[in-house]
Amino acid sequence: MSSSTVITNISTLVTNDPSLGDSSPLGLIQDAAVVVDGDRIAWTGESRKAPATDNRVDAGGRAVLPGFVDSHSHLVFAGDRTQEFNARMSGRSYTAGGIRTTVAATRAATDAELEANLTRYLTEALRQGTTTFETKSGYGLTVEDEARALRIAARHTDEVTFLGAHIVAPEHADDPAAYVALVTGEMLDACAPHARWIDVFCEKGAFDGDQARAILTAGRDKGLHPRVHANQLSYGPGVQLAVELDAASADHCTHLTDADVDALAHSDTVATLLPGAEFSTRAEWPDARRLLDAGVTVALSTDCNPGSSFTSSVPFCVALAVRDMGMTPDEAVWSATAGGAAALRRTDIGRLTPGARADLLLLDAPSHVHLAYRPGVPLTAGVWRRGVREV
């Protein structure tokens, strides 16, 4: 039998449901309590109205918010790209080509080594409040290596993405069409049983619009839903393709035309912004303000990967989004929780409402605003995932 727990004496509770708290998108409740029953949220409201429960936790005047939903990461990999980062910080520009370095290391690693690396970064992320994460293949680029990456990832999350179309595999550098045929044929057949999503890096140096459409539609025919690495390094067809194919998210969205913004605003495709990549490559920041003002749903994610964004910290990305992308603290927190859930087309996470999954973050601060106000400070005082306290 499950037991119930009330977390009380919460200074500020972020529910992400305006009907439960104030009229803001965060649905804030002051001097609040939340009741967890089993793995679900059973009740939220003012502390003085909290029902009786089996157990009681005193939040000590701290803030509580939903666990972060990191909807874009690349965690099945081996190797290190410190030298590349060092060179980039010394003046070399970022291109997609560095991915090949990680491909070679990943192919050479054992399953145990890849899984140990994955769990290391998942533990790191959990300590910072991430309770749901998506992760991709894309560093194997052979049938066997892509399938094993997805098998390993699927042992740790339901949000697994087939990214055989990360770059053209080195063996097919002179014949990209042959690699697209492999990705949409034998590789897809081997990988589809282990994934929920299919993704493609639609960019100069990776895959053009026609190749990306062929890959995504083939995946959709196998029951995988599209996501797109879109418009990161240059203007291109990625965002329009994402909207055309009803992709759950268009990720990066750094270089956008007015038509791209309008297409996103009139679609169900979420714009997932990844400020860690711009920080680590000294690239142009995405204009979150432009997207939000147009009515686009925005998510924030880490893009954790060894080349262009080697951070597992959603709080760091929240601070960057507020400081450099035009978001308010409220908007950034919503995008890192409910926005991430929307990018995964989930309604059971990213919010603290009755019936939602009991994924909670207790901050060692009186308000969620401190995530941006105190950048770089470890503010996690507790993390519950599926109703179990893990930090």
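1. A quick reminder before we look at the helices: a crossing is right-handed if the near helix is turned clockwise from the far one by less than a right angle, and left-handed if anticlockwise. By that convention, H3 and H4 cross in a right-handed sense. Please keep in mind that this is a predicted model.

2. Now the geometry of that pair. Helix H3 covers residues 111-126 and helix H4 residues 143-154; their axes lie 10 Å apart, at an angle of about 45 degrees. The two helices are therefore oblique to each other. On the H3 side the contact is made by Asp111, Leu114, Glu115 and Leu118, and on the H4 side by Arg148, Ile152 and Ala153. Sorted by class, these are four nonpolar and three charged residues, with no polar ones.

3. H4 also packs on helix H5 (residues 176-191), with axes that come within 9 Å and cross at roughly 40 degrees. That angle makes H4 oblique to H5, and this crossing is right-handed. H4 contributes Val143, Glu146, Ala147 and Leu150, while H5 brings Leu182, Glu186, Met187, Ala190 and Cys191. Here the count is seven nonpolar, two charged and no polar residues.

4. The largest nonpolar core holds 86 residues, and Phe162, Phe207, Leu291 and Leu300 touch the most other members.

Conventions
Residues numbered from 1 in each chain as written. Predicted model: local features only at pLDDT ≥ 70, side-chain atom pairs only at ≥ 80, totals over all residues. Heavy atoms only, no water. Core = buried A, V, L, I, M, F, W, Y, C linked by side-chain atoms within 4.5 Å. Buried < 20%, exposed > 50% of the residue type's maximum accessible area, 1.4 Å probe, protein only. Axes fitted to C-alpha atoms, helices over the stretch in contact; angles between N-to-C directions. Helix = DSSP H or I, 4+ residues; strand = E, 2+ residues; numbered from the N terminus. Parallel < 35°, antiparallel > 145°, perpendicular 65-115°, else oblique. Contact = heavy atoms within 4.5 Å. Nonpolar A, V, L, I, M, F, W, Y, C, P; charged D, E, K, R; others polar.
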